[in-house]
Amino acid sequence: MSQISFLILSGSYIFRTGLRSLLEEMEITQKVYLAEDIDKALKIQADILFLDTLQVSPASLPAAWTEESHKPVLVGLLPHTNGELSEHREIWDHFLDLSLTKSELLEEIRRIIRESGYQEHPAPREEKLSEREKTILRLVALGHTNRDIAEKLFISTHTVITHRKNITRKIGIKTVSGLTVYALLNHLVEMDEIQEQTG
Amino acid sequence: MITENTKMVDLVHRNYSLVSVLHRFGIALGFGDKTIREVCREKDLDIRFFLEIINSFLDHDYFPREHLISFPLQLIVDYLTQTHQDYLGKRIPEIEAIISDSENPCYEKEEHNFLLVKFFREYKNELIVHIRREDEKVFPYTLQVEQYYLTGRGPDPLTGYSIMDYLQEHDDIEEKLFDLKNIIIKYLPPPRNPDACYHVIAMLFDLEKDMQDHSRIEEKVLVPKVALMEKSIREQTHGNKSFGS
Ligand SMILES: [Fe+2]
Ligand SMILES: [Fe+2]
């Protein structure tokens, strides 16, 4: 799995949203969940949990977070550098000191991600179109509907739609006329073919 | 947060795109040290409406839907209509003039300029159809609904067309701009005239952002507001009639 999911549990709006915007700035594919209390947090499954140490006492952590198998990574959020954590230090896999500067925080989070065995950089997105996708793109550019294409290629309309979604995701173009320009620029179709169709 | 005590000049320093929003309210540059309150008084503008439009433009998380719905429809419709004029009267012609300038074409190859202009003109035509439908059909309909709702007079607006039909057929006018940006940024070759392309890209980004804001007002403010009035008319007059007969 290349996507990492984070959960931020804190009663403080500032902590939650601040940490989220920091995570979102990082170039990783991710999902960030927020919870203001433990009841909400328990309904969410995530890989790395950032827990407000003022709010979560280690003794009261749910079994799902502490049992050995499939245990998420637990990161304790320390509001102050001198935060006292005498009890149950061993529960936490990491600590994050919230008084750090932005660059230090980013560095710490990257370290935590790495040490937890997750990839810091996702595998580059596959952006090349498959031969099948090129065929479909060509037909779209020539003005065929999903239905036409399905009949021509002996596949279901549903499959055509799936291919089209993938094409759009890969090349970043959503509309039919945009796809047509793409197809022309990449010589999947030629101008005279299109004019034949429309003229 | 922008308040009525904010100076006009600070508003524009905060985000220059607001110049066109101000223009829609009939406010031109050169405001000296005047505050929003002073300018709104001079121009006889609804300060609360003005502030909500500005604040939701600046911060997309700030969207006082309930508040906006409570304003008179005419204010909302006027603002949307002014915005349409800004698009068709100014922004679109500006972009078109640059990309179709044959003296100074954006790209080396004829076919690339041709494709760009063709795509853009198609977009322009779709936009004209979209905006015409709103200006000529949808907005007058909504005002008719409001008049009937407030006074009980005028032709009964609920004879077939409903604001939900509009929502259904309301297509996403930003989508093609998004494609156009990617075509220029990613897929066309490096331009012969980079300055023109930078300029076009900046205008496309601005326009796309503005349109998102615009469509959001149409779908999240205008539609629910009119739907509520339709519902109430239906319950009062049409409901009573059917009870009576
Ligand atoms: Fe509109
Ligand atoms: Fe619209």
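Trainee: How many of the residues of chain B count as buried, and what makes a residue buried?

Mentor: Of the 245 residues of chain B, 48% count as buried. Buried means under 20% relative accessible area, exposed means over 50%, and partly exposed lies in between, with a 1.4 Å probe and protein chains only. This is a predicted model, in which local features need pLDDT of at least 70 and side-chain atom pairs count only at pLDDT 80 or more, while totals for chains, interfaces and linings use all residues. Residues are numbered from 1 along each chain as its sequence is written, chains are lettered from A in the order in which they are written, and side-chain values use heavy atoms, without hydrogens and water.

Trainee: Why is B:Asp44 called exposed?

Mentor: B:Asp44 has a relative accessible area of 69%. The cut-off for exposed is over 50%, so the term applies. B:Asp44 also has a positive phi of about 55 degrees, although it is not a glycine, and lies in the loop between helix H3 (36-43) and helix H4 (47-58) of chain B.

Trainee: What counts as a helix, and how many does chain B have?

Mentor: A helix is a DSSP run of H or I with at least four residues, a strand is a run of E with at least two, and both are numbered from the N terminus. Chain B has 10 helices and zero strands.

Trainee: What makes H6(A) and H7(A) roughly perpendicular?

Mentor: The axes of helix H6 (residues 146-153) and helix H7 (residues 157-171) of chain A come within 8 Å and cross at roughly 110 degrees. Angles of 65 to 115 degrees count as roughly perpendicular, under 35 as roughly parallel, over 145 as roughly antiparallel and the rest as oblique. H6(A) and H7(A) are therefore roughly perpendicular to each other.

Trainee: Which residues make the contact between them?

Mentor: Contact means heavy atoms within 4.5 Å. H6(A) contributes A:Asn146, A:Arg147, A:Ile149 and A:Ala150, and H7(A) contributes A:Thr157, A:Val160, A:Ile161 and A:Arg164.

Note on methods. Axes are lines fitted to C-alpha atoms, for helices over the stretch in contact, and angles run from 0 to 180 degrees between N-to-C directions.
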